[in-house]
Amino acid sequence: MDPDFPLWLRTTHLLNFLLMGILVRSGWEIIASLPRFWWRNDCKPGTEWVKFTRRKLPTQEGVYTSLMDERTASPLLTLPGRKNVGLGRHWHAVGTTLWLLTGIVYVVLLFATGLWRRIIPTSWDVFGDAMESLRIYLGFGIPSIEHFQPYDALQMLAYTGVVFILAPVMILTGIAMSPAVRSRFPWYVKAWGGHQGARSIHFIGMVLMLVFVVIHVGLVFLVHPEYNLPHMVFGVTDPSRYAQAFTIAIATIVAAIAFWIGLSYLTLADRVRAQKVLVTVTEPVRRVALGWMKPRMGRQRTYTEEDISEFHWTNGLPPTADESTEWLAHRDNDFRDWRLELGGDLSGKKLYLSLEDLRALPKTEYIAVHSCMQGWTATSKWGGVRLRDVLDLLGPRPQDANYVMVTSHGLAQEMFDHRPREPFYTALSLDMVEEDDTILAYERNGRPLELHLGAPLRLRVESNHGYKMVKWIRSVEWISDYADYGDGRGGTREDAALQAFNGRI
Ligand SMILES: Nc1nc2c(c(=O)[nH]1)N[C@H]1C(S)=C(S)[C@@H](COP(=O)(O)O)O[C@H]1N2
Ligand SMILES: [Mo]
């Protein structure tokens, strides 16, 4: 006998349910790191359209960092919980990959088996019929069983909407938040209303998904459950096995919830190991999906002076007296005696470049959107010198030079496990070093860099999130491996937030 609900349909449903739990819970972790949503792309405090924090933000720039705005979430609620946005993002990536695979299998089989006819309406009558069903539900009634073949008009509209509209919108807005995509296809991000448009729509999509899941699961249990539950569990119409199906369905939901919460505690039990495992899984996917996207200097045309933000969030405040008296002395002297320490052991050469020396090199200027991995953005015109041009001053790349290490006068804002704060640093891969839009910036919007934004010199790597972009630069040098620096993960924020080395997702 051909079951009404074949095994593939039931399996993809269950997987989808489990994966959506992972996606929603890791998404909440990401939201907790910046619990505010905007339509404006400068994320000016006070202009949020919705927020999940009572904290009032100062409107003055440079006194408050986005890290200070992070909220602690319970591992019962988010994945993994307790301010682990880096791990939350890894989980989101793993969840997305598996959810996409499941979705592809589901859609392909839906069409291959002809079952698409059950959920995609082929007659305009569906709208009238759906209104009729809705009227019955709103009167707390239940449409009679003949309406369900196996779905009624309202179900068809809802399922088609979720599978063919809502899910694609979630995928498309998710893609729009990747800095690799933004630097390659800036127009695409702009089409969604910018990063914040995409982020807000993604959030609204999540809410709609949740509303759908709750109503969907709820109605399965309320509307003709003696048909639905045996269908769902055994694949056949067999009201006599209702009790058994009911028990299995409830047990599955309880097990799923336990599984979701278990993942949080498993991740928190050994965060470094969790990060390793998650990165191993996601890195090949990231390489295939985003690795080929080389940033293009096309954005000058996409972003214009009109896009330049009125407000610019800060992450990391200028060095204080206990961080760097050296930087403070340079600041008080307008950076006249400040020098960039260039080169080191590998190049066997060391140069000390003043701001004048840097300004004498070919200048690059472009308008770009900065995104912090926590979620805020700001658009500025950055001016400076290409990193590769500066490195050329050292001569040809040393043979075993695989990365460029950039260090700061400032300390890390916080360390993994609250150890004493170390100097902020980042390692750049050869790819990033070679990009046209990887620059040492000494100007923003045509003026010398502001103190809180990294004066006198900061890194810009437009294909990445902000955490790669060291402010208050002290030194730049070739290194062979980043494993010997900090916790060995390639940067301060990678060490602290357990991000992957490459921040392009
Ligand atoms: N020295 C130093 N550089 C840093 C940071 C920091 O804390 N210290 N924060 C990073 C992060 S997480 C981001 S998002 C950007 C923020 O840049 P902005 O303050 O200019 O907006 O700087 C990056 N560079
Ligand atoms: Mo950031």
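Me: Hi! What share of the contacts in the protein chain with a separation of 6 or more comes from residues 24 or more positions apart?
Reply: Residues 24 or more positions apart make up 72% of those contacts. Do keep in mind that this is a predicted model.

Me: Noted! How many helices and strands does the protein chain have?
Reply: There are 17 helices and 12 strands in the protein chain. Its C-alpha atoms fill a box of roughly 85 × 45 × 45 Å along the principal axes.

Me: And how much of the chain counts as buried?
Reply: Of its 505 residues, 54% count as buried. The accessible surface of the chain is about 22,900 Å², and carbon and sulfur atoms hold 62% of that.

Me: On to the ligand. Which residues are the closest to ligand 1?
Reply: His-312, Trp-313, Arg-458, Met-469 and Lys-471 are the closest of the 20 residues that surround ligand 1. By class, that shell has nine nonpolar, eight polar and three charged residues.

Me: Nice. Where do oxygen atoms of ligand 1 come up against side-chain N or O atoms?
Reply: One such pair is with the side chain of His-312, at 3.2 Å, and another is with the side chain of Gln-413, at 2.9 Å. The backbone takes part too: a polar backbone atom of Trp-313 is 2.9 Å from an oxygen atom of ligand 1.

Me: How much of ligand 1 does the protein bury?
Reply: The protein buries 99% of the 530 Å² that ligand 1 exposes when taken alone.

Me: What about Thr-314, where does that lie?
Reply: Thr-314 is in the loop between α12 (299-302) and α13 (325-332).

Me: Is Thr-314 buried or exposed, and why?
Reply: Thr-314 counts as buried, because its relative accessibility is 2%, and the cut-off for buried is under 20%.

Me: What does Thr-314 touch?
Reply: Leaving out residues up to four places away in sequence, Thr-314 touches Gly-62, Tyr-64, Thr-65, Ser-66, Trp-376, His-452 and Lys-471. With Gly-62, the side chain of Thr-314 reaches the backbone nitrogen at 3.4 Å.

Me: Changing topic: where is the kink in helix α11?
Reply: The kink is at Thr-282, shortly before Pro-284, and comes to about 35 degrees; α11 covers residues 271-290. Thr-282 is one of the buried residues of that helix, along with others including Leu-278, Val-279 and Glu-283.

Me: Which helices do the buried residues of α11 pack against?
Reply: They pack against α2 (85-112), α6 (179-184) and α10 (242-269).

Conventions. Residues numbered from 1 in each chain as written. Chains lettered and ligands numbered in written order. Predicted model: local features only at pLDDT ≥ 70, side-chain atom pairs only at ≥ 80, totals over all residues. Heavy atoms only, no water. Near = heavy atom within 4 Å. Polar contact = N/O pair within 3.5 Å; in protein donor to acceptor, adjacent residues only side chain to side chain. Areas by Shrake-Rupley, 256 points an atom, 1.4 Å probe, with all protein chains shown as cover. Nonpolar A, V, L, I, M, F, W, Y, C, P; charged D, E, K, R; others polar. Bend = angle between axes of the 7 residues up to and from the residue. Helix = DSSP H or I, 4+ residues; strand = E, 2+ residues; numbered from the N terminus. Buried < 20%, exposed > 50% of the residue type's maximum accessible area, 1.4 Å probe, protein only. Contact = heavy atoms within 4.5 Å.
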